[in-house]
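My notes follow in the order I took them.

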Amino acid sequence: MNLRPSQGPTRRSFLKNTALCAATAFAARPFAKAAGTSPGETLRYQGWAGVVLFPELADDLGLLAPLKLQWVGNTTSGPQDLQATVTNNTDFAGAFNGSIMKMIGAGAPVRAVLAYAGSDARSCMGIFVRGSSAIRTARDLIGKVIGVNTLRAQGECFVDQYLRQNGLTDDEIRQVVLVGISSVVAETALRHGTLDAAVLPTFFRDAALTHGGLRELTTDYEFYGATNMDSVILRNDMLQNAPDLAQHFVAATAQAIAWAQNTPQADVIARYVSIIRKRGRDEGVFPARHWRSTAVVTKGGVIRPRDYTQFQPWYAWRGDAHTASLAPESIYTNRFNPFATEASLEKG
């Protein structure tokens with residue numbers, strides 16, 4: 001298995017083309033007008049196996065009614081989830097804030113409306129190597145293969161920014177090979193030597209630490225501090241043509257986030273496991289069992305400018321001045337979030 005593809009311009013051009021393809025798909029297929037302005041609607045969405053999304057939690061808590069959710073399948077990545085909503089195959093999506101910026105910069109008519117994930121002391125992603133590995137610093141990663149869940153998204157941004165902060169030159173960073181690999185199998189691939197290092201998110205990180213035999217170089221929490229990193233987006237046609245629907249969806253989801261932020265961990269886990277078992281998708285409950293916190297650091301998922309601007313230097317470094325210069329107000333809105341009038345509280 002060849003894990004060392006050519007780097008440099010290949011990675012950069014692919015990132016550009018992905019966003020352009022999404023914008024082209026939108027232009028070729030105009031959005032359907034939202035069906036109404038009352039919350040008595042059904043919203044299509046993609047899920048994640050073994051994971052409870054905050055809209056799903058809102059539904060189970062009785063906050064979403066009479067709005068209904070229609071699960072259309074599971075997504076494979078945040079960028080894929082975004083494209084499904086941009087092309088009107090789903091009605092909302094969640095993804096890394098950098099990917100959202102890239103889509104909007106390429107012309108996708110969407111807005112972020114809620115922060116839904118991030119990094120804190122209890123829930124974060126880490127860069128792991130084998131315990132016996134000679135890799136101990138960022139510089140030791142030159143020429144090595146690192147597995148990330150999704151290329152051109154959060155893991156890649158984190159690795160690149162970590163390498164730059166530790167003094168690697170552009171040429172040296174291009175020698176660090178990133179490959180896409182599911183988080184489900186990344187730990188095993190690392191242990192078997194297929195990878196030199198792996199970025200393991202949240203519950204996969206916790207499981208790896210429990211299993212032992214691996215060493216963590218750093219975490220995104222150590223790098224960024226407690227911060228929001230992912231958001232939920234809605235299409236502009238819903239925001240404009242069905243503002244009551246958008247208001248109800250965002251408010252209910254924000255209240256679900258606040259519930260999870262303020263409820264004991266064991267009670268949240270029990271609720272998540274119950275939801276997963278009731279929905280009957282033939283999936284495990286491993287992620288839910290390892291839930292530690294929302295990692296949303298603002299009350300009810302209120303979005304802050306820094307949730308986006310902290311990633312803009314990465315785009316500037318990659319030569320994408322347009323995305324790097326987007327004004328935060330062109331990317332997100334808090335107008336539908338009932339917690340936006342309160343102070344943004346740091347939460348675990």
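**Entry 1: overall make-up.** I counted 16 helices and 10 strands in the protein. The model is a predicted one. Of its 348 residues, 57% count as buried.

**Entry 2: nonpolar cores.** Nonpolar side chains tend to be buried together in soluble globular proteins. I looked for such sets here. The largest nonpolar core has 89 residues. L141, Y162, L163, L234, F249 and Y272 have the most contacts inside it. Helix 11, residues 243–262, gives the most to this core, with 10 residues. A second, separate core has 15 residues, among them I181, L190, A198 and A208.

Which residues does Y272 touch, leaving aside its neighbours within four places in sequence? I found V52, F54, L57, A260, A288 and W291.

**Entry 3: helix 7 with helix 8.** Two packed helices are described by the angle between their axes and the distance between the axes. I looked up both values for helix 7 (residues 183–191) and helix 8 (residues 202–211). The angle is about 30 degrees, and the axes are 10 Å apart. The crossing is right-handed. From helix 7, S183, V184, E187 and R191 take part; from helix 8, they meet F204, A207, A208 and H211. By class, this contact has four nonpolar, two polar and two charged residues.

**Entry 4: helix 8 itself.** I listed its buried residues as F203, F204, R205, D206, A207 and A208. What do the buried residues of helix 8 pack against? I noted strand 5 (126–130), helix 7, strand 8 (197–200), strand 9 (214–219) and helix 13 (286–289). A208 also belongs to the second core. Just after the helix, G212 takes a positive phi of about 75 degrees.

**Entry 5: helix 3 with helix 4.** I checked another helix pair. Helix 3 (residues 78–86) packs on helix 4 at an angle of about 40 degrees, with the axes 10 Å apart. Helix 3 passes helix 4 in a right-handed crossing. P79, L82 and Q83 in helix 3 meet S99, I100 and M103 in helix 4.

**Entry 6: V148.** I found V148 in strand 6, residues 145–148. Is V148 buried or exposed? V148 is buried, because its relative accessible area is 1%, under the 20% cut-off. Leaving aside neighbours within four places in sequence, I found V148 in contact with G155, E156, V159, V179, G180, I181 and V199. I181 is one of the residues of the second core. I also looked up A197, which is 49 residues from V148 in sequence and 9.2 Å away in space, C-alpha to C-alpha.

**Entry 7: P109.** P109 lies in the loop between helix 4 (97–105) and strand 4 (110–119). Why does P109 count as buried? Its relative accessibility is 17%, and buried means under 20%. I then took the pair P109 and N236. They are 127 residues apart in sequence and 5.6 Å apart in space, C-alpha to C-alpha.

Note on methods
Residues numbered from 1 in each chain as written. Predicted model: local features only at pLDDT ≥ 70, side-chain atom pairs only at ≥ 80, totals over all residues. Heavy atoms only, no water. Helix = DSSP H or I, 4+ residues; strand = E, 2+ residues; numbered from the N terminus. Buried < 20%, exposed > 50% of the residue type's maximum accessible area, 1.4 Å probe, protein only. Contact = heavy atoms within 4.5 Å. Axes fitted to C-alpha atoms, helices over the stretch in contact; angles between N-to-C directions. Left-handed = near helix turned anticlockwise from the far one by under 90°. Nonpolar A, V, L, I, M, F, W, Y, C, P; charged D, E, K, R; others polar. Core = buried A, V, L, I, M, F, W, Y, C linked by side-chain atoms within 4.5 Å.
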